[in-house]
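Subject: Structure for your review

Dear colleague,

I am passing on the structure we spoke about, and below it you will find notes on what turned up in it. Please read them with the structure open beside you.

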Amino acid sequence: MIVDLTPGRPELIEQAAALLSERMPEGWPTPGLAREHLRELLDPAHIMRGFVRGRQLLGWVGGLERYAGHVWELHPLVVRADHERRGVGRALVEDLEHRVIGLGIHTMFIGSDDELGLTSLAGIDLYPDVIAHLSRLENLRGHPIGFYQRLGYQVIGVMPDANGFGRPDIYLSKRLIPASPA
């Protein structure tokens with residue numbers, strides 16, 4: 001079942017912090033730092049949803065408004081290792097998309113870091129021709145961009161060296177509401 005993660009569910013928030021620190025130690029090496037990030041996501045202006053079975057949090061997703069009234073960012077998506085490739089991530093992404101469509105949001109975007117050398121963009125100098133490198137992007141070892149592409153997201157850009165030299169952030173987006181003629 002997918003539920004709202006709110007301050008009124010402290011046991012789930014604590015599980016979410018532990019999961020974030022465990023699964024994404026590059027960004028949140030301790031549960032304390034993860035808790036600080038969760039405080040931001042618990043702002044009522046954001047969305048935080050969790051996939052719960054019994055009293056166990058199997059994964060969670062956050063959503064943040066980025067361009068007033070039109071674009072939201074999916075940040076982050078975290079799934080327990082023992083529940084990857086079982087539909088938890090897909091269900092969370094689709095749930096978040098449904099939520100923001102209800103708000104009239106047109107587009108969702110994601111920044112998917114490559115800090116582990118999983119794509120052809122990692123470990124190299126993307127300058128001076130960033131777009132040429134991006135046009136040859138390959139998913140070498142199971143980077144999450146493949147997951148997002150299967151859900152209809154398209155690669156739209158890259159931020160070279162976002163996490164240090166040779167560790168880019170790859171941007172993907174998806175139109176949620178069909179385009180209307182201008």
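**Salt bridges and ring pairs**

Glu94 and Arg90 form a salt bridge in which the closest N and O atoms are 3.4 Å apart, a salt bridge being a side-chain nitrogen of Lys or Arg within 4 Å of a carboxyl oxygen of Asp or Glu. Because Glu94 and Arg90 are four residues apart in helix H3 (residues 88-102), about one helical turn separates them; helices (H or I, at least four residues) and strands (E, at least two) are DSSP runs, numbered from the N terminus. Glu94 is partly exposed at a relative accessible area of 40%, and Arg90 is partly exposed at 37%, where buried means under 20% relative accessible area, exposed over 50% and partly exposed in between (1.4 Å probe, protein chains only).

Before going further, please note that this is a predicted model, in which local features need pLDDT of at least 70 and side-chain atom pairs count only at pLDDT 80 or more, while totals for chains, interfaces and linings use all residues. Residues are numbered from 1 along each chain as its sequence is written, and side-chain values use heavy atoms, with hydrogens and water left out.

By the salt-bridge rule the count comes to 11. One of them joins the side chains of Arg49 and Asp4 (3.0 Å, N to O); since Arg49 lies in strand S2 (residues 47-53) and Asp4 in strand S1 (residues 2-4), this pair ties together parts that are 45 residues apart in sequence. Arg49 is buried at 7% relative accessibility, whereas Asp4 is partly exposed at 32%, and both belong to a network of salt bridges that also links Asp95 and Arg99. The side chains of Asp82 and Arg80 meet in another salt bridge (2.6 Å, N to O), with Asp82 partly exposed at 39% and Arg80 buried at 18%.

Turning to the aromatic residues, the structure holds two aromatic pairs, counted where ring centres of Phe, Tyr and Trp (its six-membered ring) lie within 6.5 Å, with planes under 30 degrees apart called stacked, over 60 edge-to-face and the rest tilted. The rings of Phe147 and Tyr148 have centres 5.1 Å apart and planes at 70°, so this pair is edge-to-face. The rings of Tyr148 and Tyr153, with centres 6.0 Å apart and planes at 75°, are likewise edge-to-face, and the ring pairs link Phe147, Tyr148 and Tyr153 into a cluster. Phe147 is partly exposed at 22% relative accessibility, while Tyr148 and Tyr153 are buried.
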